[in-house]
Amino acid sequence: MLIPKVTAAAALEPALQRAIALFPAVFYEEPQQLAIANVGGTSSWTAASSPKEALELLNSGLAVAVVDSADMAAEIGGDQARIALRYARSAHTYSTCAQAIKKALDEGIHCSGTIILELTPENINEATLIDAGGSSLLSDLVKAANGRYLGTSGPVRIAVEIAADSTSSWTDDLLTSVAAAGADSIVKAELLALESDSAQKMPLAKAFALASSLSSDRPDGLFTTVVVDEQRVCLGVAYSSIDSIAAALDSGEGVYWSRKRGLWRKGLTSGATQTLLGISVDCDSDVLCYRVRQNGAGFCHLNTHTCFGPASGISQLAHVVAERKENAPEGSYTKRLFKDAQLLRAKILEEATELADAESKEDVAFEAADLLYFAMVKCAAHGVTLSDVERNLDFKHKKVVRRPGNAKPQYTKDSPAAKADAKDNSSAVAGTAGAIRTSILNADIKPAQPGERIRMRAYKAEELSFEEREALLQRPIIDSEEIMKRVRPIVDAVRVNGDAAVLEFTEKFDRVKMDSVVVRAPFDVPELSKAVRDAIDQAYANVHTFHSAQLGSDTCVETMPGVKCSRFSRAIERVGLYVPGGTAVLPSSALMLGVPAQVAGCREIVLATPPRADGTIVPEVLYVAHKVGATAIVKAGGAQAIAAMAYGTETVPKVDKICGPGNQYVTAAKMLAQNDTAAMIAIDMPAGPSEVLVVADATSNPAYVASDLLSQAEHGPDSQVVLLAVDMTDEQRAAVEEQVHEQASRLPRVAIVRQSIPKSYCLDVDSMAEAMAFSNAYGPEHLILQNDKASDYVKDVVNAGSVFVGQYSPESCGDYASGTNHTLPTYGFSKMYSGVNTGTFLKHITSQELTREGLANIGQTVMTLAEVEELEAHRNAVAIRLRDMA
């Protein structure tokens with residue numbers, strides 16, 4: 001798509017200014033320029049210098065606010081689709097387009113609806129260069145962005161703008177290359193011209209076609225054009241050419257290309273002209289869409305509004321009312337409505353009341369239709385069109401700070417509805433007065449907007465049905481089949497092509513080009529600051545101490561005279577440890593996996609972690625790898641790293657077990673490898689979003705409770721956060737709610753918390769026994785007991801990954817340095833899995849030794865059971881010995 005950019009210095013001709021306003025999006029460099037734009041429309045973009053300014057602009061109806069940092073985007077929050085994150089060369093340091101694109105992949109597509117890459121023409125050529133696999137850096141970014149859906153706004157968009165300090169500008173080839181990669185092109189308006197013969201400027205129609213990848217499958221090369229009215233009702237189908245597009249943009253009218261007459265100006269002879277309101281291209285870039293205001297009798301030559309017969313619904317009502325305003329006979333009821341304002345007002349109030357009181361589906365529909373009719377009469381009487389109403393609807397939809405929504409007192413005082421609301425406000429689900437309660441999983445949950453309270457949902461256990469309680473125990477459904485479809489080709493490629501596939505996927509997904517995959521010990525560890533080194537050393541010591549204590553002694557028992565049975569442990573020889581990261585620094589994950597493997601005595605410890613942009617390993621992770629005695633580090637992440645360790649490559653050692661957290665693709669790769677007998681691999685556990693369940697009562701510190709809830713809520717939008725409030729008063733719960741909002745508002749990751757906290761909930765329970773029963777049924781990853789005499793209730797814990805006891809035991813300590821392991825079962829898997837521990841890296845072997853006496857004592861028992869199972873060879877193995885002993 002072509003996005004014209006109107007710069008501060010641009011002095012555009014009125015005709016060109018009007019023409020570019022017809023495009024789906026126009027970028028105005030300065031907010032002040034919005035005065036010449038259609039403020040409140042759907043197309044205006046502008047740059048914002050601060051989150052406050054962005055919110056003000058968005059609230060005034062701006063479609064998209066352009067910001068220059070991910071922090072600003074996160075602080076703005078709200079509708080991600082309306083934030084464009086620009087990687088401007090003046091604000092970001094990157095020497096290659098690969099680095100810029102990697103930055104967009106790592107952060108941009110997760111916090112904005114549009115990525116704007118400011119590149120030089122040379123950068124664009126590099127970014128659109130097609131590789132052997134048929135893709136390019138830019139097309140891969142677009143593909144990743146297409147996987148980030150923003151509800152009805154569609155996927156994240158990618159746009160390219162030529163840097164201001166570039167010595168050259170857009171060319172036909174550059175527009176074509178960017179469009180072929182699936183990205184939009186932002187072109188300064190002063191570089192465009194309506195005339196096709198301009199030597200210094202690009203013809204607007206041609207630039208539009210190139211930037212949109214507009215194509216035709218017709219022999220004559222014409223573009224199929226769907227014509228719609230202001231309500232997007234299809235009027236008919238026509239055809240266009242570059243020449244007719246240019247004429248339409250120039251004149252601002254409906255101009256097409258007739259297969260018989262050539263250039264065709266609609267309505268030139270009949271008077272049924274069209275005012276062009278917008279021009280766009282469909283998702284496949286092979287159909288044009290003209291949005292027009294149809295004048296005269298209609299679009300069709302049969303004098304109907306559309307070529308498919310008369311209009312219907314609200315669109316038809318608007319036409320009828322407008323026609324009756326002009327032609328209704330004097331003295332008729334319709335004419336009276338237009339002339340008598342008091343009569344019209346009375347009818348609107350009458351119909352509104354009847355609609356408010358209607359209860360059946362049929363009555364509501366009937367009364368709503370009546371009210372709409374009189375509302376359209378009111379509009380027509382004041383010269384307001386249906387398009388004006390829709391424009392205001394769009395404007396209200398774009399407001400990011402809204403009024404509370406309370407009705408005026410004269411409409412609520414002593415009304416039955418007001419009394420019903422008062423009763424419903426005490427229901428189990430906070431904030432759902434008057435509505436049917438639904439579980440937290442299928443309710444319409446929306447993120448908290450900037451300026452809105454960040455609060456959890458509230459339920460009372462005593463008011464929940466069995467089905468509702470069960471629903472609260474569930475987690476969101478993960479589409480594992482779709483994820484497996486994406487991961488399986490990666491795993492298969494690594495299994496077949498080894499290092500070459502790992503290098504290819506690392507370059508494709510991480511934007512890092514490397515010559516080798518593995519770094520072997522001893523490692524060249526960069527110098528760390530004393531504070532960081534001391535912190536890692538302290539955490540290492542505590543984790544090592546706790547996991548060393550888990551080493552148990554061997555077992556030896558004489559089950560009967562002469563029969564000795566024993567059990568002893570041996571370390572799993574080769575283990576693979578997956579440490580997420582790359583641009584992130586996660587030495588804690590390396591510690592939590594590496595220390596127990598070291599304590600267990602694993603002969604070969606292989607770490608896998610994504611490389612940094614320069615192909616190196618994060619220094620802190622490298623230092624931990626050195627301390628835990630890792631033998632090799634695989635410089636790769638994602639499914640390709642898991643596959644490399646599972647199957648082995650030319651340089652990556654094959655391991656026997658893979659442990660460690662990761663995203664859904666890492667988990668899918670682990671599951672695939674575990675189920676493939678050719679891999680002969682075990683894994684630690686399945687994984688899901690991080691979660692915490694906090695038990696609190698009247699003695700709990702509200703600030704501590706809120707901090708523990710938020711420590712998990714900031715992990716991601718899907719984090720699961722639950723508070724069990726034991727016999728707490730409304731005031732005590734309100735104190736926790738206030739702390740959640742206050743602390744969350746100060747967090748750098750507040751945009752994430754605005755999404756996760758509204759999905760979370762507080763459940764009021766009457767007793768600790770009820771709280772522990774619910775917790776055990778939920779099976780949380782982290783269980784925090786902040787109640788009175790918390791240690792007395794540890795004995796009641798049946799299902800949990802790790803327990804944090806008392807007000808001075810924040811979950812963060814377990815994450816980093818207390819000594820326990822932070823790699824824990826999520827998604828309710830604590831009911832059957834343990835967290836990573838020393839035993840994770842051990843296998844247990846049993847042995848038995850029988851003396852002559854022992855065989856004599858047990859022999860007959862064995863032979864009898866073998867005969868029952870009809871396994872003669874089993875019976876004979878004992879019988880032959882007993883016969884020799886006789």
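Which residues lie on one side of strand 27, and which on the other? Gln720, Val722, Leu724 and Val726 are on one side and Val721, Leu723 and Ala725 on the other, and all are buried (buried, under 20% relative accessible area; exposed, over 50%; partly exposed, in between; 1.4 Å probe, protein chains only). The model is a predicted one, in which local features need pLDDT of at least 70 and side-chain atom pairs count only at pLDDT 80 or more, while totals for chains, interfaces and linings use all residues. Residues are numbered from 1 along each chain as its sequence is written, and side-chain values use heavy atoms, with hydrogens and water left out.

The protein contains 30 helices and 31 strands (DSSP runs of H or I, at least four residues, and of E, at least two, numbered from the N terminus). Of its 886 residues, 47% count as buried. Its C-alpha atoms fill a box of roughly 125 × 70 × 65 Å along the principal axes.

Strand 27 (residues 720-726) is largely enclosed by the rest of the structure, because 7 of its 7 residues are buried. Strand 26 (residues 691-696) runs parallel to strand 27 and is joined to it by 6 bridges (strands pair if DSSP finds at least two bridges between them). In this pairing, Val692 stands opposite Val721. Strand 28 (residues 761-765) is also parallel to strand 27, with 5 bridges, and here Ala725 stands opposite Asp764. Together with helix 24 (residues 702-713), strands 26 and 27 make a right-handed β-α-β unit (with the strands pointing away from the viewer, the path from the first strand over the helix to the second runs clockwise).

In helix 10 (residues 313-327), the buried residues are Ser315, Leu317, Ala318 and Val321. Seen down the helix axis, these fall within an arc of 160 degrees, so they line one face of helix 10 (the arc is that of the directions from the axis to the C-beta atoms). Gly313, Glu326 and Asn327, on the other side of helix 10, are exposed.

The largest nonpolar core has 82 residues, and those with the most contacts inside it are Leu117, Trp170, Leu204, Ile245 and Leu249 (a core is a set of buried Ala, Val, Leu, Ile, Met, Phe, Trp, Tyr and Cys residues joined through side-chain atoms within 4.5 Å). Helix 4 (residues 97-111) gives the most to this core, with 8 residues. Apart from this core lies another, of 37 residues, among them Tyr540, Val579, Val599 and Met685.
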